[in-house]
Amino acid sequence: MHFFEFTEEQNMLRKAAREFAETEVAPRAAEWDERDECPLDVFKKLGELGANGVFVPEKYGGPGLGHVERAIFIEEISRHSAGLGMALMTHHLGVYPILRSGSEEQKEKYLPDLCSGERFAGLAITEPGGGSDFMGQKATGERRDGKWVLNGRKCFITNSHIADVTVATVKTGVDDKGRSKLSAFIVEKGAPGFAPGRKEHKLGLRASVTGDVVFNETTLDDKALLGPEGGGARLGMEGVSEVGRAGMSAICVGILRGCLEEAIKFANERILYGKPIAKIQAIQFEIAKIRTDYEAARLLTYYAAGLKDAGKPCATEVATAKYFATEASVRSAKSTMDLMGGYGIINEYPVGRFLRDALTSIPSGGTSHIMQVVMANGTLNDFHA
Amino acid sequence: MAYRVAVCVKPVPDPNYYGHVGIDPVKKTITRAGVPNIFNPADKNALEAALRLREPGSGYAAAISMSPPEGAEILREALAMGADEAYLLCDRAFAGADTLATSYALCQGLRKIESEKGLPFDFIFCGAESADGATAQVSSQLGEWFGYPQLWNVFSLEERGGVFMLKTKLENGCMEWEAKPPMVLGVARELNKPRFISAMGVVKSRKKPLVTWGRSDLPGADDGYLGLAGSPTKAGDIFTPDIRREGRRLSGSPDEIVAGMLSVIRASGAAAGV
Amino acid sequence: MSPKIWVHAEIFDGTVSEVSLELLTKARELAPVLGGAAIEATLLGSAIESEAARLAGYGASRVYAADASELEMYSPRPYALALSYLAALHKPDIYLFGATSTGSSLGPAVAARLKTGMAAHCVDLRINGDKKLAALVPSFGGRVIGEILCPGSSPQMASVKPGIFKASEAAAGRVTVERVPPEAWADANPKGSLKPLAIVKHPPRGMPIAEAQVIVCAGSGIGGEENWRLIERLAESLGGAAACTRPVLDEGWCEEGRMIGTSGRSVRPKLYIGFGVSGATHHVCGMNEAGVIINVNRDEATPIFEVSDISVEADVNAILPRLYEALRR
């Protein structure tokens with residue numbers, strides 16, 4: 001048994017990602033939040049950095065690394081802009097199913113541009129009826145004249161308005177037992193009858209765009225079908241449960257590190273009764289709690305990512321990480337605000353944004369209640385008295 | 001044109017941690033426990049310049065550092081940024097070097113690379129200065145060991161058909177130059193914006209060589225010019241300067257403070273007509 | 001033979017740089033400690049003979065002058081060849097350079113050719129008990145000052161930033177000007193090629209900080225660009241110069257020549273007024289010789305207050321506009 005540590009290469013990657021985040025992300029993060037816009041120029045540069053296709057093999061234009069390295073990128077970006085971290089992590093959600101289930105032709109067609117930063121991706125599953133009722137999707141794909149015709153509306157879709165390539169699941173029929181058969185399609189920006197709809201005005205994660213995408217008689221040929229017909233449920237589920245939630249955890253690890261660093265900076269600089277408040281025990285308790293939240297979230301997140309890279313089942317571990325990291329980041333952002341007193345609510349300090357971003361992370365990929373259900377199911381399965 | 005370029009790089013203590021630097025009052029040595037090293041910032045500009053010169057053609061870029069073993073870390077960064085090979089000159093015999101001995105050892109290392117490859121370097125880049133010592137002397141002295149033209153504080157470098165147009169900083173302006181390789185250049189931070197290390201670069205660097213050379217790998221070198229023995233400068237006494245002043249506080253309303261400041265300004269006799 | 005202190009007299013724009021005169025002045029202070037050392041200067045350029053007399057006015061008793069059209073513009077290789085040739089021939093004990101944009105490169109090149117030691121960017125020069133030059137050099141942003149000695153080789157070389165010493169004229173003395181022909185040091189085996197083409201001058205906007213008796217300095221706590229502009233106007237109304245620290249320079253509001261500190265200029269005005277300056281050691285190192293130091297900072301624990309004569313714990317926005325208005329009245 002050896003203790004958990006990153007490889008030298010992973011440390012170098014983190015250093016590179018951190019340098020990028022400090023130079024290109026930190027100075028503008030507040031502005032993106034305020035203006036509610038996704039910085040496509042920086043997103044493109046993340047492609048040059050290798051973040052956009054981090055787990056894509058070299059032959060498709062990626063560096064061929066894994067999900068631990070993905071979490072490193074997302075954490076470092078989210079340390080300064082969880083919103084941009086959200087855009088990046090969602091892009092991966094579009095890339096992942098193409099890599100996993102795409103034909104050789106689809107991989108060669110889409111992956112290089114999605115890795116380089118030339119194009120951005122998204123994943124459209126959730127509908128107005130809810131996201132966790134996965135099989136209850138109402139958008140349809142009908143077979144007509146040898147083509148697929150898609151109709152319906154997807155909502156709460158991150159990257160809705162910026163994605164050049166959207167992977168979407170729709171109902172393409174029912175099986176013998178009357179259950180929905182879902183299939184996945186690759187839909188390119190500008191496909192006839194396909195357009196982003198309403199744009200949401202979010203509480204947090206505002207450097208990512210979230211909104212509707214609408215299919216109105218969108219006609220696609222067979223080449224757009226991703227994976228086998230009826231394979232959309234498995235593909236969508238795996239993406240959300242192993243990649244999406246892992247991404248949310250990594251975002252929150254970044255937020256937690258932000259809280260920790262801001263809290264320490266403030267506690268050392270703020271002088272009260274002639275000495276820094278860092279010397280006051282009540283403040284030290286807060287710092288200890290934030291540290292605990294950060295360390296625990298980090299361990300859960302990278303452990304789950306490590307399982308994914310090792311090819312082991314990890315849905316329960318990812319759900320655990322997501323549940324803990326999102327709730328912990330809300331809690332710690334609140335602690336940091338408490339520690340800062342009046343300064344905590346001033347928007348010149350980033351902590352208010354951290355709290356909004358943390359709260360916004362909870363429903364993405366399934367609320368804390370859903371995470372607990374997933375964890376419980378896994379636990380009841382894994383443990384025997 | 002496929003240029004062959006060498007870049008001298010160095011690890012320096014992170015300036016964000018200078019608050020941790022002190023003096024051991026007994027041993028009279030500098031204590032810097034807990035101060036991490038970083039890639040000397042100007043050396044990254046030097047590497048960027050080298051990579052741009054190399055890239056259009058095939059060319060070759062080697063990074064070299066004379067430093068303790070931890071210098072390998074920044075050489076690995078140099079490889080991940082895009083250098084083709086990296087060389088660490090690391091031996092107790094090189095330790096304690098001042099700029100003259102450092103530039104000599106670098107010259108010997110670079111000469112060895114040249115002889116192994118059978119081709120001389122067209123350009124040798126250094127950062128104009130290091131964040132710690134900031135003596136800014138190594139590039140100029142390296143130029144003399146090679147007997148090549150050298151320029152320091154280069155902030156513009158353009159190729160026009162094999163001829164290079166350069167600009168160096170002056171106090172209130174700049175100087176323009178025309179040069180043909182070989183040359184040794186100390187580059188200013190303004191020359192370029194160094195690229196970020198990419199994940200692809202990190203992966204590619206796995207296969208690139210990082211060679212460590214000790215004293216015995218430089219058989220032609222003269223011990224009289226290496227390390228502490230080869231350093232004409234010696235460190236004498238060190239101290240932390242006491243520059244504290246009284247710090248009389250002016251308080252009151254802003255207008256009262258301003259009135260107080262005005263009387264200090266007048267009393268100083270520095271500002272005419274106030 | 002009596003010892004010799006050499007100063008390289010740097011020419012800029014046809015005249016000797018101020019820093020060279022500062023070094024000659026300092027050399028006059030060191031010479032008696034060395035038992036009456038001779039003070040001599042080297043001078044390279046074209047049509048610069050009249051400048052030799054100026055050097056005499058600051059204490060040089062002998063000037064080695066190479067006056068040639070090919071030396072009109074500074075070029076490191078021929079200049080280093082010339083100076084190392086002269087030094088090898090006449091063997092000075094100490095050889096001082098201005099740590100200017102050209103001297104910072106020329107000095108070490110000469111030192112390398114002479115295989116001797118050079119202390120860079122010194123903040124003071126002394127003669128120690130062994131009659132050797134002890135050059136004081138700041139490191140770690142001025143947090144630590146170390147002596148650099150060059151006990152075993154000669155000349156003992158050092159470069160000093162402009163503004164560290166104060167130039168003052170000497171009693172008029174006799175000067176011998178020795179002309180040196182350029183053929184003496186020609187490069188026998190030239191490699192590569194390097195030609196100086198032109199000197200482009202960017203005259204600074206406003207008064208240069210090196211010349212100012214009053215300096216108003218903006219630090220990281222200055223706020224926005226409008227406050228920097230106010231600093232400029234305040235400096236002007238005090239007949240002084242506006243200066244800045246590294247974070248302000250990085251904002252791009254002013255030119256590099258306005259930065260005070262180890263990587264910028266060292267200044268010694270009669271009066272320094274800082275707004276939002278935090279007191280990082282590499283800045284303090286460049287301003288602690290000022291006559292009177294006033295600082296305004298809203299943080300009562302800022303290190304800059306430790307090196308201030310007058311500390312004002314207040315918001316920059318509360319003081320800066322009022323002070324400016326008060327001075328306009």
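Which residue of β11(C) does Met118(C) stand opposite? A few notes on that and the rest, bearing in mind that this is a predicted model.

1. Met118(C) has Met157(C) of β11(C) standing opposite. The two strands, β7(C) and β11 (residues 156–160) of chain C, run parallel and are joined by three bridges.

2. Zooming out, chain C has an open sheet of seven strands with parallel pairing, in the order β7-β11-β6-β1-β4-β5-β12. The edges belong to β7 (118–122) and β12 (176–179) of chain C; each has a single partner strand, so one side of each is left without a neighbour in the sheet. On average, and ignoring direction, neighbouring strands here are turned by 20° against each other.

3. Now the helices on that sheet. Helix α2 (residues 49–56) of chain C packs on the sheet and touches β1 (4–9), β4 (38–45), β5 (62–67) and β12 of chain C, with its direction at about 160° to that of β5(C). Helix α4 (residues 103–114) of chain C lies across β1, β6 (94–98), β7 and β11 of chain C, at about 170° to β11(C).

4. Over to chains A and B: 10 residues of chain B are in contact with 15 residues of chain A. On the chain B side, α2 (71–81) and α5 (199–205) each supply at least two residues, and the largest share, four residues, comes from α5(B). By class, that side has seven nonpolar, one polar and two charged residues.

5. One residue to look at in chain A is Pro276(A), in strand β10 (residues 275–276). Pro276(A) counts as partly exposed because it has 15 C-beta neighbours inside 10 Å. Beyond its neighbours within four places in sequence, its contacts are Ala267(A), Asn268(A), Glu269(A), Arg270(A) and Ile271(A).

Definitions and conventions
Residues are numbered from 1 along each chain as its sequence is written. Chains are lettered from A and ligands numbered from 1 in the order in which they are written. This is a predicted model: local features need pLDDT of at least 70, side-chain atom pairs count only at pLDDT 80 or more; totals for chains, interfaces and linings use all residues. A residue is buried if 20 or more other C-beta atoms lie within 10 Å of its own, exposed if 12 or fewer, and partly exposed in between; C-beta atoms are placed from the backbone. Two residues are in contact if their C-beta atoms, placed from the backbone, lie within 7 Å. Ala, Val, Leu, Ile, Met, Phe, Trp, Tyr, Cys and Pro count as nonpolar, Asp, Glu, Lys and Arg as charged, and the others, Gly among them, as polar. Two strands pair if DSSP finds at least two bridges between them. Axes are lines fitted to C-alpha atoms, for helices over the stretch in contact, and angles run from 0 to 180 degrees between N-to-C directions.
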